[in-house]
Amino acid sequence: VAHRLIHGGETIREPVIITAGIKDIICQFIPLAPLHIPAGLHAIEVTESLFPDAVQTGVFDTGFFAHIPPAAYLYPVPYEWYSEWGIRRFGYHGTSHAYAMERAAQMLGRSVRDLHLITCHLGQGSSATAIADGKAVTNTMGFTPLEGFMMGTRSGTVDPGIITYVQRHHGLTADQVEEILHRQSGLLGVSGVSGDYREVLRAAEAGHERARLALDMYAYRVRAMLGALAVTLGKVDVLVFTGGIAENACELRADICRGLECLGLFLDPNRNANCKPDADIAQAGSPGRILVIHSQEDYILAREAKRLVGERIVSRGKPNN
């Protein structure tokens, strides 16, 4: 049984067979991803009870970002925060970004090592990754999955001074701030309608002003961060849209791409409006390609599970093992 697991820290970077020791390591990171890790551990425990003889394997979201350089993963805070407390950028949605990279190269008939890509995963949680030479350069999410894009109910990046301000001047506790930033912000917090993109879009189309504002903010913040990733790469051969929202919301893709022509990314309105993943929606003469790819993280999980189980069988079959 293959599990997508969100966090292995600097300790677990590669896919693993899950053991009691692996579960103990995962537990250490619950404060960093309180929405995800308890659910992932629960899934492992339930699966163990239902299929006691099955091999449980795990692929970690953070693993794809193991090669991000220190200049990108360190924060400009006292270095001891990293050396003693482990505070650094980790990056998330690694299985989705890995699949999008591989599928994009396949669609274009090129090697991943020859491409400079930005993979943009937009769903209830959202992030983008800059990729060069087949490796992640950086990811918009950081120490926790809260950083980066505005999301369904998560704020994404905000001025950290806001946090201390509302605590000092409006009496909010750390727990209250965390609850608000994780569950009451993003599309929900701005629109007041929902954290579901589809519902916010319907409200905006019906004339709801705050819903329209939320959608405008969403597209603006994605576009701005894609620009930053492009500068980090130096050039963009491919922009990939993936994830539930990105694969289905043609109007959002159009809003995001408006202004990306300076990066050599020219959207074809007709291709975009009639897109069925997997598809290229860039203009024929666009220097950079714009792809919409159906996210198949389960493929990555299954492939790694097969490899791990195969290696285990070979290892157990060797003499003296």
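Mentor: Let's start with Lys235, which is partly exposed at a relative accessible area of 44%; buried means under 20%, exposed over 50%, and partly exposed in between (1.4 Å probe, protein chains only). Bear in mind that this is a predicted model, where local features need pLDDT of at least 70, side-chain atom pairs count only at pLDDT 80 or more, and totals for chains, interfaces and linings use all residues. Residues are numbered from 1 along each chain as its sequence is written, and side-chain values use heavy atoms, with hydrogens and water left out.

Trainee: Which side chain does Lys235 meet in a salt bridge?

Mentor: A salt bridge here is a side-chain nitrogen of Lys or Arg within 4 Å of a carboxyl oxygen of Asp or Glu. The N to O distance is 4.0 Å, and the partner is Asp237.

Trainee: Which residues are linked with Glu304 in a network of salt bridges?

Mentor: Glu304 counts as buried at 13% relative accessibility, and its side chain meets Arg303 at 3.7 Å, N to O, and Arg307 at 2.8 Å. Both arginines are partly exposed, Arg303 at 31% and Arg307 at 33%. The network links Glu304 with Arg303, Arg307, Glu102 and Glu311.

Trainee: In which helix do Glu304 and Arg307 both lie?

Mentor: Helices are DSSP runs of H or I, at least four residues, and strands are runs of E, at least two, numbered from the N terminus. Glu304 and Arg307 are three residues apart, about one turn of the helix. That helix covers residues 297-317 and is H14.

Trainee: What does Leu226 touch?

Mentor: Contact means heavy atoms within 4.5 Å, and residues up to four places away in sequence aren't counted. The list is Ile118, Cys120, Ala128, Phe149, Leu239, Ile256 and Leu260.

Trainee: Which residues of helix H12 are buried?

Mentor: H12 runs over residues 250-257. Just after H12, Gly259 takes a positive phi of about 110°. The buried residues of H12 are Leu252, Arg253, Asp255, Ile256 and Cys257.

Trainee: Which residue stands opposite Arg4 in S3?

Mentor: Strand S1 (residues 2-5) has a covered face, His3 and Leu5, and Arg4 is on the uncovered one with Ala2. Two strands pair if DSSP finds at least two bridges between them; S1 and S3 pair in the parallel sense over four bridges. Opposite Arg4 stands Val59.

Trainee: Is Phe51 buried, partly exposed or exposed?

Mentor: Phe51 is found in the loop between helix H2 (37-50) and strand S3 (57-60). Together with Val1, Val46 and Leu50, Phe51 forms a nonpolar surface patch. At 47% relative accessibility, Phe51 counts as partly exposed.

Technical notes
Patch = residues over 30% accessible without salt bridge, like charges linked within 9 Å, V, L, I, M, F, W, Y side chains within 5 Å. Areas by Shrake-Rupley, 256 points an atom, 1.4 Å probe, with all protein chains shown as cover.
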